[in-house]
Amino acid sequence: MPRTLDPAAHALRRDEFVDVAQRLILARGYDQVSVQDVIEATGASKGAFYHYFPSKAALLTAVIDRLVDGGMARFGPAVFDEGRTALEKFAAFLANVADYKAEQRELILGAIQSWMSDENAIVREHFRRELVVRMEPLLVAIVRQGVAEGAFHTDTPEATARVLVSLWQGMSDDITELFFALDAGTVTFEHLERRLATYAAAFERILGAEPGVLRFADPALLRQWQQWQRSYREGHA
């Protein structure tokens, strides 16, 4: 008699592999984590692992999907709120990104150095590609609405959205490095604020929006992140 698959148990076991892989990759770097490491950490057999994932690359894809899904679940719905203008949707998108990162700060602070290391270059590239695929349609919808409302001025919403995603990714890496520099005392908080203001102005120019309509982060939130980073470092010294 064929064995009946329990979908819930199947999903739970798969999630266990993804949980462990995410933790190990963020702690050590993708290049420093093997399939055997994941198998040993879960206490599973090699056959059980390959039942769910044909390769280490497939496991990485599952980890990336989870990371992206978590963010999209938070800021995706704002795009489809018919009661909001394009500018309000863009502001909600930025606010939800900030809120999501604040909620995940322990994970982010604990893994950020490994995330930015050469060992996780493959992970970052896969993450960026998936982010483009998932974010671009949302931003296209916002840009089109903004053009219709007269808030944005561009003849190519699709190309504009792609440029915005690329700029967003570059900004995220740049600001992360600035936070490390801020913690080391090699840059000032005002330097960080000016850099963010410059990015906001670049977004406005690309969108053809009025100057000053976009704001990426409240200074109070930036200082809170600075304090969280300092407290985390001191607690794990």
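Modeller: R84 has a relative accessible area of 30%, so R84 is partly exposed. Bear in mind that this is a predicted model. The partner of R84 is D81: they form a salt bridge, with the closest N and O atoms 3.1 Å apart. D81 has a relative accessibility of 32%, so D81 is partly exposed too.

The count for the structure comes to twelve salt bridges. Another of them joins the side chains of D69 and R134, with N to O at 2.7 Å. D69 belongs to helix α4 (residues 56-75) and R134 to helix α7, so this pair ties together parts that are 65 residues apart in sequence. D69 comes out at 36% relative accessibility, which lies between the 20% and 50% limits, so D69 is partly exposed. R134 comes out at 26%, so R134 is partly exposed as well.

R195 pairs with D174, and their closest N and O atoms are 2.7 Å apart. R195 sits in helix α9 and D174 in helix α8, so distant parts of the chain are linked, 21 residues apart. R195 is partly exposed, at 26% relative accessible area. D174 has 16%, under the 20% limit, so D174 counts as buried. Some salt bridges share partners: D15, D19 and R66 are joined into one network that way.

Look at α9 itself. The helix has 19 residues, which at 1.5 Å a residue should span 27 Å; the C-alpha atoms at its ends are 27 Å apart, so the two agree. Which residues of α9 are buried? They are F189, L192, L196, Y199, A200, A202, F203, E204 and L207. An α-helix has 3.6 residues a turn, so residues three or four places apart point the same way. Keep that in mind when you look along the list. Just after α9 comes G208, with a positive phi of about 70 degrees.

Next, the rings. A pair of aromatic rings is described by the distance of the centres and the angle of the planes. The whole structure holds eight aromatic pairs. In one of them, F90 and F203 have ring centres 6.3 Å apart and planes at 70 degrees; that angle is over 60, so the pair is edge-to-face. F90 lies in helix α5 (residues 86-103) and F203 in helix α9 (residues 189-207), so the pair ties together parts 113 residues apart in sequence. F90 and F203 are buried.

F216 itself lies in the loop between α9 and α10 (219-235). F216 has a relative accessible area of 11%, so F216 is buried. Compare F216 with R230: 14 residues apart in sequence, they are 22 Å apart in space, C-alpha to C-alpha.

Now take another loop residue, T154. T154 is found between α7 (121-149) and α8 (157-184). Its neighbours, not counting residues up to four places away in sequence, are V143, V147, T160 and L207. T154 has 15% relative accessibility, under the 20% limit, so T154 counts as buried. A polar contact of 2.9 Å joins the side chains of T154 and T160. A polar atom of the T154 side chain also lies 3.2 Å from the backbone nitrogen of T156.

Ring pairs link F17, F49, Y50, Y52 and F53 into a cluster.

Key: Residues are numbered from 1 along each chain as its sequence is written. This is a predicted model: local features need pLDDT of at least 70, side-chain atom pairs count only at pLDDT 80 or more; totals for chains, interfaces and linings use all residues. Side-chain values use heavy atoms; hydrogens and water are left out. Helices (H or I, at least four residues) and strands (E, at least two) are DSSP runs, numbered from the N terminus. Buried means under 20% relative accessible area, exposed over 50%, partly exposed in between (1.4 Å probe, protein chains only). A polar contact is a pair of N or O atoms within 3.5 Å; within protein, one must be able to donate a hydrogen and the other to accept it, and residues adjacent in sequence count only if both atoms are side-chain atoms. Contact means heavy atoms within 4.5 Å. Rings of Phe, Tyr and Trp (its six-membered ring) pair if their centres lie within 6.5 Å; planes under 30 degrees apart count as stacked, over 60 as edge-to-face and the rest as tilted. A salt bridge is a side-chain nitrogen of Lys or Arg within 4 Å of a carboxyl oxygen of Asp or Glu. The expected span of a helix is 1.5 Å times one less than its number of residues.
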